[in-house]
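Subject: Structure for your review

Hello,

Here is the structure I said I would pass on. My notes follow it.

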Amino acid sequence: MAGRMSRSAGRYYRSLRKSFSTSSCLSYVESPANGDVMTTPLSVPLRDSPKPIYAESASETFQTMTSKLNNGLTVTSQPKFGTFCTVGILINAGSRHEVAYPSGMSHYLERCAFAGSSIYKDRDAVMLAVEKLGGICDCQSSRDTTIYAASVDRDKLEPLMELLADSVYQPTLDDDVIEQARESINYELDELDKKPDPEPMMTELIHEAGFRGNTVGLPKYPQAETLHQINKASLQKFLRSYYLPERMVVAGVGVDHDELVALSEKYVSAAAKSPSWSLDGARESDASVAQYTGGEVKVQKHFDLSMSVVPMPELAHVSIGMESVKFTDTNFVPFAVLNMLMGGGGSFSAGGPGKGMFSRLYLNVLNRHHWMYAATAYHHSYDDGGLFCIQGSAHPSQLRECVHVITQEFAKLTNGIDKVELDRAKKQLQSMLMMNLEARPVIFEDVGRQILATGERKSPKQLCDMIDNVSNDDIVRVARHMLSSRPAVAALGDVKQLPDYEDIENALTRPDGKLPKKFRLFGR
Amino acid sequence: MLRTPICIRLFISRMKYNTRTPQKQLHATHCVFSTENVKKHVVKIAESLTSELSYSNSMKRLKLKNQAAVLVPLCTVNGELCLLFTVRSNNLPTHKGQISFPGGGVKHGDTGAVDAALRETEEEIGFPRNKVDVWTTLPHISNHTRTAAVIPVVGYLGEVNVGDMVPDRNEVTEIFTVSLTDLVNSASYTRFRIKAKKCSEHDYVMPVYFTQYRIWGLTANIVDTILSILKSDSYNQIAEGKFTVKVKLSSDVKMVS
């Protein structure tokens, strides 16, 4: 017995030694005579254990369903497991529709949302009601869409639908609400002006430069000079013109489709027939298509940095953009990959080669030029046009070099992309897409926006496949297409050193992207 | 009422250049409409537009150093009435890659706008000037800052095949045609503010046509005028060929300011 023990022990130690001495243990394993758990690697089932049956995910149990009601209202839902649901109303109305109105109507309505309606007398009452339903509510407006949404307990769908329909169609726009919104907007405009963060202003400016005077180029924020023109009458006219059932989508995630349709009929359609603004009255609705124009917008401004808590450097910001495509175009996904490829961000995140920021704007720009404070690529795409831009920030004395770096990066795109780089960009885009779509509010917005814009929803799998199919030729092609359009240049801060628009335009037509050398007798 | 001889004749003559009649498909190469009737119609309307008081006033207000002219090339492709367009070369200093009609500045040696348009057409797309049947000129169209004005010369090129034309690559990348029906179906508009931040009475509306290329700007304006003349039964004019006070500010917006 001892002999047998020692023999098996010896075999045990020998097989252990063998398994440690080679990199691939599997090839050296003999199926143990006793199903010995100590020697079987985890990837091989034990001989005597029952064969496992693995669960299979059924492929399209989670299908987006859409119905259209008689009055033009679209109802769409996406099943999802969970205690909560997110439901909302998306409206095809935004700052792009405000050409005949004082700018900022949608933004104003966003501030007046959920502030009281026919059932709830003021904002506190609304918040209390939503709390009782177990959740939160919010309104968000952008250039082309306004969304009223809430996340509540799954079984509280009916009271939520009543609340949503009431908030959208029966808002109390009395003097208190309007005054409060005006104060909040005044404060916001003041902040926009004083805060050194360039983000919201630069987005406005690059849109204005790219789409001069039309649709998405119109300002999103109310303007100080026309803010007083926004009053109950003008708001009601806007609502009457644009808050129509045929321009709306009711979207729900984590709800039953038939239930959602029935409740939409019961509450939303009913409310649409008698909104708090009367259906008779002046209407002015605009169906303009976005037209990319290109051009320059410069805002010479001094940032008052004495008030900031943290020492901030003085920066000038410039954004150079070109025409891209609408999101239904076949070239949209290549542009999205291009956006990921260029990437970028603040130099604070750069951290040098070992850190792991591999997008082009980090590798080629932020890691090489210490004086660049930020370089980011943005892609804005709408249902009839788009804009791809790179925004850079640097000290005002280096503004010319900053522009130079950006134009060179644009021009380099036509040389083609290395396979490793392209694959990384595609993988990053796919993983960002999938990670974001794990959150229910993001699924809600994705479903709602896609149905509102195109009438159908591309599933995440479809989008991942489209991303996979992007090739180097696609990227070069979209880069060429982009570079053949007239550039849009926006600058904010001390912009005296900004190169002339014609020089920037010429640089972008050259294969090396270089600005012409300027000879100055008396240095600037 | 419809059965009187005059009404029947008018009805038939309208049908002749309504390119959406089913006969189009049967007689592919045979021109169903009579070009003479179309020409008479265009000439008559052009004359009435030119004699309008507002036009002659705006003519006086223009102080232009240089005159420019374009040829508006009506042509027939497979029996359908079409317009011919060029894609401007990227080598040109202005309006690279945009869609336009053949044309250019009136230079020394040209007897006028018509002559300049025909000369430029011959240079740019190689279509001989003696083969162009010039019908009329339309009132000039200026850009919205009134720094440039163009005189559109309406001419008929007959049955054409774009593949036979040889463009001058320095100026024209591509030549293509679009039928008037397709232009009507692809028409859209955009309303522009001249001051980005607020409405003004000088805001204007511009047509845009999404055919294989986007046709916009001055060219689209001219197309708009042509379509309103030739396709008045199915097309509502968008811009009236002028960049003037187009937009009535709604009364409540005006009042509050």
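The expected span of a helix is 1.5 Å times one less than its number of residues; helices (H or I, at least four residues) and strands (E, at least two) are DSSP runs, numbered from the N terminus. This is a predicted model, in which local features need pLDDT of at least 70 and side-chain atom pairs count only at pLDDT 80 or more, while totals for chains, interfaces and linings use all residues. Residues are numbered from 1 along each chain as its sequence is written, chains are lettered from A and ligands numbered from 1 in the order written, and side-chain values use heavy atoms, leaving out hydrogens and water.

Helix α13(A), residues 440-454, reaches 21 Å from first to last C-alpha, close to the 21 Å expected. Its buried residues (under 20% relative accessible area, with exposed over 50% and partly exposed in between; 1.4 Å probe, protein chains only) include I443(A), F444(A) and D446(A). After α13(A) comes G455(A), with a positive phi near 85 degrees.

Now the aromatic rings. Rings of Phe, Tyr and Trp (its six-membered ring) pair if their centres lie within 6.5 Å; planes under 30 degrees apart are stacked, over 60 edge-to-face, the rest tilted. There are 15 such pairs over all chains. Y169(A) and W277(A) have ring centres 5.8 Å apart and planes at 35 degrees, so this pair is tilted. The two residues are 108 residues apart in the chain, and both are buried. F388(A) and F410(A) pair edge-to-face, at 6.3 Å and 70 degrees. F388(A) lies in strand β11 and F410(A) in helix α11, so the pair ties together parts 22 residues apart in sequence.

Regards
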